Amino acid sequence: MAELLDRSPIRLFDKASEGGLKAGEVGLVTSKKGLGKTSVLVQFGMDTLLADKQLIHVSFDQKSTNVISWYDGIFTEIAKKRNLGNAAELKEQIMRKRTILNFSQDNFSLSKVVVTLKAFVSSGISLAGVVIDGVNLSTVSEDDLKAVAAFAKEANVTVWMSASSEGDDLSDSVPDTLAPLFQAVVHLAARNDGVQVQLLSIRGKKDITSNLKLDSKTLLITEK
């Protein structure tokens, strides 16, 4: 498992982003629909699992079967060419530490998600990572995001979220009033040579130079 963790695409992200997202911090992945937000979010989630730590994946817009397929696909791609004789057994072991939750954002706010997450932690689960896919930032309140940020610090977990954005600038990806609540904002931008991974903000620093992109076939984070 250690070898797979070393080979995780997130090591490239960590190198480009001054160490990546830390425990207690909240990150955001944005893009237009269909460019790979869920893939990137699952790669962050898989990185937690490859570290043999507990993960909760919250989805507002995908069924559990679709989420499971994403994890299966990402694991397969990371494990390729590693000559793992026990790949199936290892995958089963890893996925035991993953919990998938599905909610409708029409009647279930982020604050309520936090209540659910706190219940898991109170039950004795040693949670290390949370990913929340499909957040609608146009309807999310500042109090909701503050609740997520407070939970991340209190539980000492990393939280990655995804949201749609029509533009490529930081102000397009997240409203100015909400931007300080994210320690990292990553944007996927369509370019002639593929999908570029832009680091719009890392702990207050803006527009960090990045040579990251998504592989056109696997959608894994890679270098240009």
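**Close-up 1. Helices α3 and α4 cross in this predicted model.** The axes of α3 and helix α4 (residues 64-79) come within 10 Å. They cross at roughly 70°. The two helices are therefore roughly perpendicular to each other, since angles of 65 to 115 degrees fall in that class. The crossing of α3 past α4 is right-handed. On the α3 side, the residues that meet α4 are T38, S39, V42, Q43, G45, M46, L49 and L50. On the α4 side, W70, Y71, I74, F75 and I78 meet α3.

**Close-up 2. R98 sits over the ring of Y71.** R98 lies over the face of the Y71 ring. The distance from the ring centre is 5.1 Å. Y71 is also one of the α4 residues that meet α3.

**Close-up 3. Helices α6 and α7 pack side by side in a left-handed crossing.** Helix α6 spans residues 110-122 and helix α7 spans residues 142-155. Their axes are 8 Å apart, and the packing angle is about 20°. That angle makes α6 roughly parallel to α7, because angles under 35 degrees count as roughly parallel. From α6, the residues L110, S111, V114, L117, K118 and V121 meet α7. From α7, the partners are D143, D144, L145, A147, V148, F151 and E154.

**Close-up 4. F13, F44 and W160 form a cluster of aromatic rings.** A pair of aromatic rings is described by the distance of the centres and the angle of the planes. The model holds three aromatic pairs. One of them joins F13 and F44, edge-to-face. The centres of F13 and F44 are 5.1 Å apart, with 85° between the planes. F13 lies in helix α2 (residues 10-16) and F44 in helix α3 (residues 37-50), so this pair ties together parts that are 31 residues apart in sequence. F13 is buried, with a relative accessible area of 1%. F44 is buried as well, at 6%.

F13 also pairs edge-to-face with W160. Here the centre-to-centre distance is 5.7 Å and the angle between the planes is 75°. W160 lies in strand β5 (residues 158-164) and F13 in α2, so the pair ties together parts that are 147 residues apart in sequence. W160 is buried, with a relative accessible area of 4%. Ring pairs link F13, F44 and W160 into one cluster.

**Close-up 5. G20 lies in the loop between α2 and β1.** Strand β1 covers residues 26-31. G20 is buried, with a relative accessible area of 5%. Leaving out residues up to four places away in sequence, G20 touches F13, D14, E25 and R203. F13 is also a member of the ring cluster. G20 and K32 are twelve residues apart in sequence. In space, 23 Å separates them, C-alpha to C-alpha.

**Close-up 6. T158 is a buried residue of strand β5.** Strand β5 holds T158. The relative accessible area of T158 is 16%, and T158 counts as buried because the cut-off is under 20%. Neighbours within four places in sequence are left aside here.

**Close-up 7. D52 has a positive phi in the loop between α3 and β2.** The phi of D52 is about 65°, although D52 is not a glycine. D52 lies in the loop that runs between α3 and β2 (54-59). D52 is partly exposed, with a relative accessible area of 39%.

**Close-up 8. D207 has a positive phi within strand β8.** The phi of D207 is about 50°, and D207 is not a glycine. Strand β8 spans residues 205-208. D207 counts as exposed, at 59% relative accessibility.

Note on methods: Residues are numbered from 1 along each chain as its sequence is written. This is a predicted model: local features need pLDDT of at least 70, side-chain atom pairs count only at pLDDT 80 or more; totals for chains, interfaces and linings use all residues. Side-chain values use heavy atoms; hydrogens and water are left out. Rings of Phe, Tyr and Trp (its six-membered ring) pair if their centres lie within 6.5 Å; planes under 30 degrees apart count as stacked, over 60 as edge-to-face and the rest as tilted. Helices (H or I, at least four residues) and strands (E, at least two) are DSSP runs, numbered from the N terminus. Buried means under 20% relative accessible area, exposed over 50%, partly exposed in between (1.4 Å probe, protein chains only). A charge sits over a ring if NZ of Lys or CZ of Arg is within 6 Å of the ring centre and within 35 degrees of the ring normal. Axes are lines fitted to C-alpha atoms, for helices over the stretch in contact, and angles run from 0 to 180 degrees between N-to-C directions. Angles under 35 degrees count as roughly parallel, over 145 as roughly antiparallel, 65 to 115 as roughly perpendicular and the rest as oblique. A crossing is left-handed if the near helix is turned anticlockwise from the far one by less than a right angle, and right-handed if clockwise. Contact means heavy atoms within 4.5 Å.
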